[in-house]
Amino acid sequence: MRTLRKNEARARLAAGKHVIALEGLNDADTIERLGPMHPHAVWLEGEHNLVSPPNIADLTRAADLAGTTSIVRVNRVETGIIYQALDLGAQGVAVPHVDTREDAETVVQAAKFAPLGKRGMYGSRQGIGDPDFFHKANDETLIVVFIEDVIALDNLDEILKVDHIDVFLVGPGDLSQSLGHLGEPFHPEVTRVLEDTVRRISAAGRIPGTVGNHENVARYMELGARFFLTSALPWIETGFDDLRARVRASR
Amino acid sequence: MAELRVNKAKQKLANGGIAVCFAAWGYGGADALERLAPLEPDAIWLEGEHGGVDFSNIGELTRAIDLTGASPIVRVHQNQAGVIYRTLDLGAQGIAVPHVNTQEEAEAVVQAGKYAPLGLRGAFTSRQGIGVPNYQSVANDQTMLMILIEDIIAVENLDEILKVDNIDVFFVAPGDLAQTMGHIGEPHHPEVQSVVDESLRRIAAAGRTAGALVSNENAAHHLEQGVRFFLGGPPAWIENGLVEMNRRAEG
């Protein structure tokens with residue numbers, strides 16, 4: 001008998017460890033080849049990019065085989081979209097623009113089965129062969145909500161009261177926009193608000209996350225963040241530039 | 001009226017420069033490839049000998065590469081005229097042909113990849129020729145042909161193979177060479193590397209362009225052997241970035 005696949009990223013967070021979720025690799029072949037690198041999680045982008053129901057199963061299958069946790073960022077706070085992503089095989093969902101306590105509660109209702117929520121009843125791809133899937137699924141489902149609008153900061157204390165959300169990810173991009181600094185996610189005021197928000201989440205005993213990179217990860221770890229949405233593209237660019245320099249090639 | 005798109009890698013080599021090609025095997029999807037634009041690679045290598053690149057996706061993948069400004073190069077799976085020119089018709093600006101072992105096989109590549117008077121490529125409108133009224137008269141100038149010297153018999157026939165005109169790059173590949181030299185799975189075996197180095201030097205000495213698959217670590221060595229077409233891929237770059245990210249997170 002098969003048993004439900006463990007959610008490695010969620011287990012790491014529960015153990016107080018950090019999680020790096022690699023983004024920008026929305027291709028099954030690319031994801032499966034990450035296996036030997038043991039990434040904690042792969043981030044499949046469905047708010048802004050091409051990840052959607054027709055390809056979630058293929059992409060998450062590759063993640064399963066690579067032994068990494070698959071997290072789909074869905075397009076919006078909407079019940080059906082959230083549990084469909086889970087049914088297709090995502091081990092985690094990330095939901096953008098969670099601005100109110102009601103939004104946060106909607107996410108939990110959509111992603112968890114009773115008694116925590118009322119996720120639509122269906123056999124997920126992750127549940128194939130496990131007769132006890134419906135009773136175990138909640139424990140292996142990771143929920144990330146994005147705190148990325150000024151209004152969400154105003155409502156943060158209320159949002160943080162909602163149980164069963166694993167990560168409160170403070171997104172600098174949209175935050176910069178709603179703070180009046182469009183396109184400047186590293187503007188000092190944005191950074192100040194972001195750091196303050198990470199502290200507030202951590203102080204409430206919840207797990208903060210943000211967009212992480214080599215430069216800021218140590219700083220946010222200090223502030224309590226444990227989840228980092230990270231792009232591999234700068235590393236690829238660094239590697240390619242280094243190769244070009246070693247063979248004295250021009251751009 | 002449109003001008004035929006310039007083949008960036010071919011132009012660089014023709015000007016005596018060095019071309020650096022991004023190996024997109026196991027790194028795919030048109031969307032991921034288009035996002036490589038800021039790296040300004042000279043070429044992007046699509047894998048159709050061993051990977052998932054075939055007639056059903058060459059159009060989409062090469063369109064994305066066109067938008068980056070790099071030359072799309074497809075390694076086809078066999079030295080067959082119909083396969084070679086259909087790949088060009090779908091939008092590749094360059095072809096890499098595996099296991100070219102004799103002068104006759106090298107001549108067959110040119111016959112398939114070039115229109116008259118150089119060859120006999122099937123006459124049809126390539127995607128690259130859309131809106132270019134004189135496409136078939138100018139296509140040869142922007143079509144890059146690359147052959148793989150990767151069997152010990154090809155090394156033995158190298159002087160004859162090097163006499164074939166209109167081949168842009170003679171690419172020496174250690175993997176299959178190791179196999180045909182009795183060192184399967186050991187491309188870094190000293191005996192294999194010494195044949196690789198010697199072959200690269202022979203190619204350069206004949207006034208032809210040598211190509212090689214390199215790592216950042218051995219690229220400079222290959223430069224010394226006279227290589228001017230370098231192929232490098234992202235797995236090590238991603239892994240280095242991930243290792244460094246974890247190191248910084250863990251302090």
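In the predicted model, helix H4 (residues 79-87) and helix H5 (residues 101-111) of chain A cross at roughly 40°, and their axes come within 8 Å. At that angle H4(A) counts as oblique to H5(A). The crossing of H4(A) past H5(A) is right-handed. On the H4(A) side the contact involves Thr79(A), Ile82(A), Tyr83(A) and Leu86(A), which meet Thr106(A), Val107(A), Gln109(A), Ala110(A) and Ala111(A) of H5(A). Sorted by class, the contact of H4(A) with H5(A) comprises six nonpolar and three polar residues, with no charged residues.

Val77(A) belongs to the loop between strand E3 (69-73) and H4 of chain A. With 21 other C-beta atoms within 10 Å, where 20 or more are required, Val77(A) is classed as buried. Apart from neighbours within four places in sequence, the contacts of Val77(A) are Val95(A), His97(A), Val98(A), Asp103(A), Thr106(A) and Val107(A). Two of these contacts, Thr106(A) and Val107(A), also take part in the packing of H5(A) against H4(A). Val145(A) is 68 residues from Val77(A) in sequence, yet the two C-alpha atoms are 9.5 Å apart in space.

His97(A), one of the contacts of Val77(A), lies in the loop between strand E4 (92-95) and H5 of chain A. Although His97(A) is not a glycine, its phi is positive, at about 50°. This residue has 19 C-beta neighbours inside 10 Å and therefore counts as partly exposed. A positive phi near 50° is also found in Arg248(A), again a residue other than glycine. Arg248(A) is placed in the segment after H12 of chain A and, with 11 C-beta neighbours inside 10 Å, counts as exposed.

Each of the two chains has a cis peptide bond. In chain A the bond runs from Ala114(A) to Pro115(A), with omega near 10°, and Pro115(A) sits in the loop between H5 and helix H6 (133-136). In chain B the cis bond joins Ala116(B) to Pro117(B), also with omega near 10°. Pro117(B) is located in the loop between helix H5 (103-113) and helix H6 (135-142) of chain B.

Chain A as a whole contains twelve helices and eight strands. Its radius of gyration is 18 Å, which agrees with the value near 18 Å for a compact globule of 251 residues. Along the principal axes, the C-alpha atoms of chain A fill a box of roughly 60 × 45 × 30 Å. Of the 251 residues in chain A, 48% are buried. Among the contacts in chain A between residues at least 6 apart in sequence, 62% link residues at least 24 apart.

The contact between the chains takes 35 residues from chain A and 37 residues from chain B. On the chain A side, helix H2 (28-32), helix H11 (217-222) and H12 are the elements that give two or more residues. H12(A) provides the largest share, eleven residues. By class, the chain A side divides into 16 nonpolar, ten polar and nine charged residues.

Trp235(A), Ile236(A), Thr238(A), Gly239(A) and Phe240(A) of H12(A) form the contact with Ala236(B), Trp237(B), Ile238(B), Asn240(B) and Gly241(B) of H12(B). Six of the residues in the contact of H12(A) with H12(B) are nonpolar and four are polar, with no charged residues.

Conventions:
Residues numbered from 1 in each chain as written. Chains lettered and ligands numbered in written order. Predicted model: local features only at pLDDT ≥ 70, side-chain atom pairs only at ≥ 80, totals over all residues. Contact = placed C-beta atoms within 7 Å. Helix = DSSP H or I, 4+ residues; strand = E, 2+ residues; numbered from the N terminus. Nonpolar A, V, L, I, M, F, W, Y, C, P; charged D, E, K, R; others polar. Rg over C-alpha atoms; globule rule 2.2 N^0.38 Å. Buried ≥ 20, exposed ≤ 12 C-beta atoms within 10 Å, placed from the backbone. Axes fitted to C-alpha atoms, helices over the stretch in contact; angles between N-to-C directions. Parallel < 35°, antiparallel > 145°, perpendicular 65-115°, else oblique. Left-handed = near helix turned anticlockwise from the far one by under 90°.
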